[in-house]
Amino acid sequence: LFNGIYPFYPQQRKVSVFDVSTIIVIVVFLTFTCSFLLIIPGIRGRARLYWTLRVLLSLVVGVVIVAVQFTGDWETGWVTANTSYKSFSHALVNVDIGLHVGLAGVNVTLMGNPVNQVNETINYNEHFAWSFSADYDRSYSEGLERGLPSPILYVAEKFTTQSPCNMHRQYRISGHYASATLWVAFCTWLISNMLFSMPVLVYGGYMLLVTGAFMIFSLLSFSTVRNSLMCPIQFGTAVLHTGYGGSFWLTLAIGLLCFVAGITVVALHYFNLDLLKTFFDLHEDKGEEYQEMTEVYVNPHFVNKGL
C-alpha cells in the first residue's frame, strides 16, 4: 500500500454485466413486486390470478426496459491466446480475453490460464465509457498511466477517437439512439399501464404495440454497427469475434412479448369484449345492476296521480 492506495490501481473495477445502477433498478422493481404480493390476498376469486398475471408481466417489461440501459453485454466476445503481458517484455502468458459492449461503454476482461502467472495475478476487468457525458480517450489515457496489461490496452485502443478503425463513433452513436428509443419505450409502457386502468382497454393495447415497436427500433439502431467494416482484434493467430449478447436477445424477447400482448388485447376488444373486461376485472355483474335499480327513489306525488 502507498498512503492507503493500491499502487498502479487506484480505482475500483467494474463488473462487465451487472453494476450498481442495474442492481438499484432490480431492487426498486422487486420492492414493487413484494408490495403487490402483500395485497394479493385481499383480492377475491379468479380476479386474484388475473391481477397477478397482469402486474407481474407489466413489471417484467418495465424492469427489462430500464435494466438493459446499464448492462454491458449487448455484444460480447471471447478469445484464448498466448500474448505478451506487459510492454517491453518478452514474457508470454496464456489468457482469456473478453470484450463486452454496452450502450454507454465497453468492458475489457483479462483472465489468466491459470490466474497466477509471471509472479502476478491476472484477473482484470476494465470499463471505458463513451457516453456523451464521459471522455473515452481520457479513460484510455488513465489506463496507460496505471500500467494496464497490454491486451487490455490493445483492445481499448480500437475504440479511441484517434483510431483509424472509427469504431468509437459507430458504437457511440448507435448506443445513444438505442438508449433514447428505450427510454421512449419506457414512457409508452407507463402510459399503457395508465390506459389499462380506464374503461376503454383497447388504447392500452395500442400503447403496448408502440412499446414493442420502440424496443425493436432500439435493436435496429444498435445493430447498425454490423453494417460497417470492423477492424480485426487479433492476438497472433487468434481473432476475437463478437456476437449479440444476453441484453440484446432479452430486449428482443420482451419486445415480441409486448407485440403479442398488444395484439391479443386489440383482438379481444373487437371479438370478445366480455372476456377482455373479465380479465381486467371490469366486467359488471348483472345481479349488481338489478340491485342498483331497486334503490331508485320515486316521487309519491306522481305515483298517486297515475303518472
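Good morning. Nine is the number to begin with: 9 bridges join strand 3 (residues 105-117) to strand 4 (residues 120-129), and the two strands run antiparallel. The model under discussion is predicted, so that local features require pLDDT of at least 70 and side-chain atom pairs count only at pLDDT 80 or more, while totals for chains, interfaces and linings use all residues. Residues are numbered from 1 along each chain as its sequence is written, and side-chain values use heavy atoms, with hydrogens and water left out.

Two terms need their criteria. Helices (H or I, at least four residues) and strands (E, at least two) are DSSP runs, numbered from the N terminus. Two strands are said to pair if DSSP finds at least two bridges between them.

Towards one end of the pairing, Gly 105 has Ala 129 in strand 4 as its bridge partner. Thr 109 faces Asn 125 of strand 4, and Gln 117 is bridged to Glu 120, also in strand 4. The two strands form a hairpin with 2 residues between them. Val 118 is located in this loop between strand 3 and strand 4, and its phi is near 45°, a positive value in a residue other than glycine. Strand 3 also contains Pro 114. The peptide bond that joins Asn 113 and Pro 114 is cis, with omega at about 0°.

How does the rest of the sheet continue from here? Its order is 4-3-2-1-7, an open sheet of 5 strands with antiparallel pairing. Strand 4 and strand 7 are the edge strands, each of them pairing on one side only. In general terms, strands of a sheet pair through backbone hydrogen bonds, either parallel or antiparallel.

Moving along that order, strand 2 pairs with strand 3 in the antiparallel sense over 7 bridges. Gly 98 is placed opposite Thr 109 of strand 3, and Thr 109 is the residue that also stands opposite Asn 125 in strand 4. Strands 2 and 3 form a hairpin too, with 3 residues between them. Next, strand 1 (residues 75-84) and strand 2 (residues 92-101) are paired antiparallel over 10 bridges. Within that pairing, Gly 77 stands opposite Leu 99 of strand 2. Finally, strand 1 is joined to strand 7 (residues 243-244) by 2 bridges, again running antiparallel. There, Glu 75 stands opposite Tyr 244.

I turn now to the helices. Two packed helices are described by the angle between their axes and the distance between the axes. The axes here are lines fitted to C-alpha atoms, for helices over the stretch in contact, and angles run from 0 to 180 degrees between N-to-C directions. Angles under 35 degrees count as roughly parallel, over 145 as roughly antiparallel, 65 to 115 as roughly perpendicular and the rest as oblique. A crossing is left-handed if the near helix is turned anticlockwise from the far one by less than a right angle, and right-handed if clockwise.

Helix 6 (residues 202-223) packs against helix 7 at an angle of about 155°, with the axes 8 Å apart. The two are therefore roughly antiparallel to each other, and their crossing is left-handed. The residues of this contact divide into 19 nonpolar, 8 polar and no charged. In this division, Ala, Val, Leu, Ile, Met, Phe, Trp, Tyr, Cys and Pro count as nonpolar, Asp, Glu, Lys and Arg as charged, and the others, Gly among them, as polar.

Helix 2 approaches helix 7 as well: their axes come within 10 Å and cross at roughly 140°. That angle makes helix 2 oblique to helix 7. This crossing, too, is left-handed.

What is the volume of the largest pocket? It is about 780 Å³. A pocket is an open set of points on a 1 Å grid over the protein atoms alone, where a 1.4 Å probe fits, with protein on both sides within 12 Å along at least five of seven lines; lining residues have an atom within 4 Å of a point. Grid points are joined across faces, edges and corners, and the volume is the space filled by probe spheres set on the points. Of the 27 lining residues, the closest to the centre are Arg 54, Val 55, Ser 58, Phe 196 and Phe 280. Helix 2 gives the largest share of the lining, 8 residues. By class, the lining holds 21 nonpolar, 5 polar and 1 charged. Thank you.
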